[in-house]
Amino acid sequence: ATPRPTAAPAATQPTQAPAAQATNAAGGANVVNETPAQTIQIQADPNALAFAQTSLSAPANTVVKLDFVNQNNLGVQHNWVLVNGGDDVAAAVNNAAQANADALFVPPPDTPGALAWTPMLNAGQTGSVTFRTPPPGTYLYICTFPGHYLAGMKGTLTVTP
């Protein structure tokens with residue numbers, strides 16, 4: 001069966017036109033609609049284009065719910081995107097998201113290398129994505145709002161055996 005994204009509550013969606021709302025949802029190749037075994041919380045740095053936590057870990061093949069809080073004082077939007085690869089793949093995922101302006105710069109559903117992502121969130125909002133962790137290894141996560149990944153808004157998820 002094809003993985004189905006979990007819907008973020010309507011209150012966590014950024015302000016946008018109704019046509020774009022359906023395309024700016026949690027998504028990714030590893031997204032599942034299952035009960036999570038673990039919840040991870042991560043926040044945006046309140047005063048910089050950065051994640052407050054630049055290192056996360058989770059066991060392999062585990063259903064994880066990631067809650068991302070955009071608690072910044074800069075008034076900018078952020079999201080969280082898990083990438084299957086290094087900086088080269090992250091750059092390609094970021095480029096795909098930049099070309100997806102109608103969906104507020106989240107990766108299109110079929111983006112190669114994009115494993116899971118939250119919706120784009122306004123300052124003060126929280127968004128979630130539930131996904132199955134990939135095989136053991138180190139994976140990048142990035143923000144795909146224009147300029148944020150290029151400014152260094154990224155971190156690593158270490159998936160343990």
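**View 1. Strands E1 and E3 run parallel and are joined by six bridges.** The model shown here and in the other views is predicted. Strand E1 covers residues 38–43 and strand E3 covers residues 63–69. Within this pairing, Gln-38 stands opposite Val-64 in E3.

**View 2. Strands E3 and E6 are paired in the antiparallel sense over seven bridges.** Strand E6 spans residues 126–132. Val-69 faces Thr-126 of E6, and the bridge partner of Leu-66 in E6 is Val-129.

**View 3. Strands E1, E3 and E6 make up an open sheet of mixed pairing, in the order E1-E3-E6.** E1 and E6 are the edge strands; each has a single partner strand, so one side of each lacks a neighbour in the sheet. From one strand to the next, the twist averages 20°. Of the seven residues of E3, six are buried, so this strand is largely enclosed by the rest of the structure.

**View 4. The largest nonpolar core holds 24 residues, of which Leu-66 and Trp-80 touch the most other members.** At least two residues of this core come from each of strands E1 (38–43), E2 (55–59), E3 (63–69), E5 (114–117), E6 (126–132), E7 (137–142) and E8 (154–160). E3 contributes the most, with three residues. A second, separate core is made of 14 residues, among them Val-106, Trp-117, Ile-142 and Tyr-149. In soluble globular proteins, nonpolar side chains tend to be buried together.

**View 5. Trp-80 is buried, with a relative accessible area of 0%.** Leaving aside residues up to four places away in sequence, the contacts of Trp-80 include the aromatic residues Phe-51, Phe-68, Trp-117, Phe-131 and Tyr-141. Trp-80 also touches Ile-42, Leu-56, Leu-66, Ala-116, Thr-118, Val-129 and Ile-142.

**View 6. Phe-51 and Tyr-141 form an edge-to-face aromatic pair.** The ring centres are 5.1 Å apart and the planes lie at 75°; because planes over 60 degrees apart count as edge-to-face, the pair is placed in that class. Phe-51 belongs to the loop between E1 and E2, whereas Tyr-141 is in strand E7, so the pair ties together parts that are 90 residues apart in sequence. Phe-51 has a relative accessible area of 3% and is buried. Tyr-141 also counts as buried, at 0% relative accessibility.

**View 7. Trp-80 and Tyr-141 form a tilted aromatic pair.** The distance from centre to centre is 5.6 Å, with 35° between the planes. This pair links distant parts of the chain, 61 residues apart: Trp-80 is in the loop between E3 and strand E4 (81–83), and Tyr-141 is in strand E7.

**View 8. Phe-51, Phe-68, Trp-80, Phe-131 and Tyr-141 are linked by ring pairs into a cluster.** The count of aromatic pairs comes to five.

Methods
Residues are numbered from 1 along each chain as its sequence is written. This is a predicted model: local features need pLDDT of at least 70, side-chain atom pairs count only at pLDDT 80 or more; totals for chains, interfaces and linings use all residues. Side-chain values use heavy atoms; hydrogens and water are left out. A nonpolar core is a set of buried Ala, Val, Leu, Ile, Met, Phe, Trp, Tyr and Cys residues joined through side-chain atoms within 4.5 Å. Buried means under 20% relative accessible area, exposed over 50%, partly exposed in between (1.4 Å probe, protein chains only). Helices (H or I, at least four residues) and strands (E, at least two) are DSSP runs, numbered from the N terminus. Contact means heavy atoms within 4.5 Å. Two strands pair if DSSP finds at least two bridges between them. Axes are lines fitted to C-alpha atoms, for helices over the stretch in contact, and angles run from 0 to 180 degrees between N-to-C directions. Rings of Phe, Tyr and Trp (its six-membered ring) pair if their centres lie within 6.5 Å; planes under 30 degrees apart count as stacked, over 60 as edge-to-face and the rest as tilted.
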